[in-house]
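Colleague: Could you take me slowly through a few features of this model, giving the rule behind each term as we meet it?

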Amino acid sequence: MKKRIEWIDLARAFGMFLIIFGHALPDTNGKLAILVYTVNVPIFFVLSGYLYHEQPFRIQVKKLFYNLMLPYFATGFLMLLISVLANNINLSFGIKSMGTFSEVISAIVWGIGTRGRLAIFNIIVPPIGALWFLLALFWADIIFNFLISRLKSCRYFIFIMSIISILIGLGSFISATLFAVLPWSINAGLIGITFMWYGYCLKKWNIFKLKKLQKIMLLLLLVILFSLTTIFRVHFWFNFAIADNKISHDIIALISGVAGSTLMIIICYYLDRTNLSINKYISWFGRNSLIVLCVDCMYGNVISFNNIIIKALPSVRGIAFVESVLFVIILSIIAILLIERIPLLRSFYFNRRYPFKWQINS
């Protein structure tokens with residue numbers, strides 16, 4: 001098994017903290033929310049590009065199916081089961097329904113993060129929630145690997161791939177704005193390719209070896225670029241491939257997402273070098289970010305127990321917000337510890353470590 005890169009797990013952990021944080025924010029249009037949504041998802045695509053290594057198509061699809069699609073369908077099934085129970089059993093607390101049986105099935109089948117109209121099929125479908133990310137990463141990985149394998153032998157590979165990845169990202173924004181979103185979060189996956197390519201290049205550049213003055217200048221530039229979304233009030237909805245329906249805002253969203261992700265990477269890289277004892281717990285959380293994402297999705301869609309706790313708290317918005325964030329984090333930790341100890345279930349969520357028997361024998 002390959003040795004894990006600790007600062008990457010730290011970055012994943014902070015990325016998940018920001019996703020949970022963003023979902024709990026009472027105001028998703030404020031400056032803080034703009035900054036959070038600018039970086040909380042892009043960082044995962046940047047890291048994916050940073051860790052990229054070329055694979056044969058058949059092997060890649062097989063790995064992605066077991067590592068991304070199995071958790072997607074497993075979590076979708078759990079949400080369907082809970083919704084059916086909530087629709088048919090009168091429970092005063094604990095669970096809630098995300099819709100009728102057909103609505104939940106539709107959400108799972110079409111896989112978009114926000115309720116909206118699908119291109120081609122021209123139908124309105126309910127949202128699947130945070131699980132859209134798994135589908136987007138699935139498509140981004142496949143298309144990115146295809147592009148690299150086809151273009152790597154070109155004389156001007158870096159230049160050509162840079163142009164193509166930027167055009168794909170902007171094209172996805174424009175198509176979602178002018179027409180409608182594609183099913184299975186393909187639009188988000190296409191935007192993800194732009195961030196993956198940046199992550200790929202970031203590894204080649206190795207910014208950690210810059211001289212002190214160069215690092216200071218880079219940090220100042222990154223802070224300025226990251227703040228562009230708040231300066232121009234750009235709302236970047238990655239899951240729906242929309243940044244206020246303006247091409248200028250699309251460009252700013254990509255630039256600020258890249259800058260914010262780079263800042264997070266630099267912070268996590270040097271945090272790892274401090275060797276703080278808390279780092280191992282944070283990186284453990286990051287290693288299990290997939291479980292955290294699935295728990296956060298279920299919390300938003302079918303878990304209502306936390307409402308009782310919030311009602312018992314003082315009527316202060318900040319307290320309820322902090323409690324909601326802590327609730328998801330604690331629930332995620334419990335889920336990670338439990339799932340890892342349940343033989344069949346852990347193969348769905350920890351397939352790399354606990355493959356099914358037929359995978360071992362094949």
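Colleague: Which residue forms a salt bridge with Asp 9?
Modeller: This is a predicted model, where local features need pLDDT of at least 70 and side-chain atom pairs pLDDT 80 or more, while totals for chains, interfaces and linings use all residues. Residues are numbered from 1 along each chain as its sequence is written, and side-chain values use heavy atoms, without hydrogens and water. A salt bridge (a side-chain nitrogen of Lys or Arg within 4 Å of a carboxyl oxygen of Asp or Glu) is found here, as the closest N and O atoms are 3.3 Å apart. The partner of Asp 9 is Arg 12.

Colleague: About how many helical turns separate Asp 9 and Arg 12?
Modeller: Both residues belong to helix α1, a helix being a DSSP run (H or I, at least four residues) numbered from the N terminus. Because Asp 9 and Arg 12 are three residues apart in that helix, their separation is about one helical turn.

Colleague: What is the volume of the largest pocket?
Modeller: A pocket is an open set of points on a 1 Å grid where a 1.4 Å probe fits, with protein on both sides within 12 Å along at least five of seven lines, and its lining residues have an atom within 4 Å of a point. The lining of the largest pocket holds 42 residues, and Arg 12 is among those nearest its centre, together with Arg 4, Leu 51, Asn 67 and Arg 352. The space filled by probe spheres set on the points comes for this pocket to about 1700 Å³.

Colleague: Which helix gives the most to the lining of the second largest pocket?
Modeller: The second largest pocket has a volume of about 630 Å³. Of its 34 lining residues, those closest to the centre are His 23, Tyr 37, Gly 129, Ala 130 and Asp 296. With six residues, the greatest contributor is α13.

Colleague: At roughly what angle do the axes of α3 and α6 cross?
Modeller: Phe 44, Phe 45 and Ser 48 in α3 meet Phe 133, Ala 136, Leu 137, Ala 140 and Asp 141 in α6, where meeting means heavy atoms within 4.5 Å. The axes, lines fitted to C-alpha atoms over the stretch in contact, with angles from 0 to 180 degrees between N-to-C directions, come within 11 Å for this pair. The crossing of α3 and α6 is at roughly 30°.

Key
Helix = DSSP H or I, 4+ residues; strand = E, 2+ residues; numbered from the N terminus.
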